[in-house]
Amino acid sequence: MIYEFDWSSIPGALPFLWQGMKVTLEITATAIAVGIVWGTLLAMMRLSSVPVLSWFAAGYVNLFRSIPLLMVLLWFFLIVPRLLENVLGFPPGSDMRLSSAMIGFALFESAYYSEIIRAGIQSVPKGQIAAAYALGMSYGQAMRLVVLPQAFRNMIPLLLTQAIILFQDTSLVYVSALADFFGAAYKVGDRDGRLVELLLFAGAVYFVICFSASLLVKYFRKRAGA
Amino acid sequence: MSYAWHWEVFLQPAASGDATYLGWMLAGLEMTVALSLSAWIMALAFGALAGVLRTVPNRFLSGLAAVYVEVFRNIPLLVQLFIWYFVLPELLPPAWGNAFKQMNPVAQQFIAAVVCLGFFTSARVCEQVRSGIESLPRGQKNAGLALGLTLPQTYRHVMLPMAFRLIVPPLTSEFLNIFKNSAVASTIGLLELAAQGRQLVDYTAQPYESFIAVTLFYMLINVVVMTAMRKVERKAQVPGYLGSK
């Protein structure tokens, strides 16, 4: 091996990298929370008997699932801020990258979450809804008290797996030069001329986090099966 | 909002002089398709190999394949791409690293992107192949062995032909993903569809048209791939299995 590793720029950069990790986690958490709520609504619309609602949900989900996440993020970094400046009169040049990233991820992920949740709702036996109606519950009550709790229990492993994918995907905010964990690692590596070490370090950190999380998912799956 | 729409901008000669902006976009589309198809071939080959290894009765080999899958699945695609593109040439023997760095920059970006997408997707293909093989009734393997076939022969003539037919639908979605994931290659400067879109925003000052066009091109790819794969799926269906007519 001819290349001489020099890891000395990492310890000093740890606070900065931690700041980046906080941005990553913030985006991930927002996208998961909004994605699940909006995804649930989309799934219910998709399954509803009102044609307009189910067409809207189907169109939304198919649109977001057919374009790359990177493209969605570019829309939200380059195009949407201009639109807001023009239409709502936002002051030009205001830094909306973090909120843009959060909204972009949330809207994109909710399309994927809604497909998971739709499958989850459909996995609940029809008799459950019939029983809820027979007890005099309204649609809202039947969904909230009977169907969704069971659906979500079945979906936990899939939702967590999607969360791991989402956590990895947040690295794509790199295209907006927002300093998330990966962006921070890249900046430090670029500054110190130690890109090799910093990229390998970033890869290792992502690996440890995602691998541990996937072991957790496996544990949940086993427990649910037992 | 007073925005002047100029869709005709695509027909104007581009800054490079030898093409229109539409030509740029088609060049990007071509790059996206070439990149995705090359990476897909690689992903199928490596994924099938790793998927078989994952199921063989040899703990060392199946463990090795499991490590392979976990490594490529648990590191973000962007990080993997940067490692292939920026890190690996430094760690290779200097002669190889220099040979890579002296190549035409587009070739460097293209090779790094194909290798990255290929390995990344192969880990997913591997898991599909494994689940396909594991979903076969155990009797198939035993019957093959009882007929006097060796284990490799049983894989080749009995299990793999069946497994591949069963996993066509999940492979379709991986195939769609590879086109979408190829957009990541724009971050190392490869001028594929998404990168051309960004470039068009700078050159034409018509951001909405450029982005709408790129988005439509991605949707078009999606529709074409989906239609083609439907046909393949119908051909590959195994009579008597769930989902077949």
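I looked up the order of elements in chain B first: from the N terminus on, they run α-α-α-α-α-α-α-α-α-α. The count for chain B is 10 helices and 0 strands, where helices (H or I, at least four residues) and strands (E, at least two) are DSSP runs numbered from the N terminus.

I noted that this is a predicted model, in which local features need pLDDT of at least 70, side-chain atom pairs count only at pLDDT 80 or more, and totals for chains, interfaces and linings use all residues. Residues are numbered from 1 along each chain as its sequence is written, with chains lettered from A and ligands numbered from 1 in the order in which they are written.

I took the box of the C-alpha atoms of chain B along the principal axes: roughly 75 × 55 × 30 Å. Of the 245 residues in chain B, 37% are buried (20 or more other C-beta atoms within 10 Å of the residue's own, C-beta atoms being placed from the backbone).

I then checked contacts (C-beta atoms, placed from the backbone, within 7 Å). Between the chains, 32 residues of chain A are in contact with 31 residues of chain B. On the chain A side, helix 3 (69-88), helix 6 (139-169) and helix 8 (195-225) each give two or more residues. Helix 8 of chain A gives the most, with 11 residues.

I looked at A:Met71 next. Leaving aside neighbours within four places in sequence, A:Met71 is in contact with B:Ala183, B:Ala194, B:Val214, B:Thr215 and B:Tyr218.

Methods: Two residues are in contact if their C-beta atoms, placed from the backbone, lie within 7 Å. A residue is buried if 20 or more other C-beta atoms lie within 10 Å of its own, exposed if 12 or fewer, and partly exposed in between; C-beta atoms are placed from the backbone.
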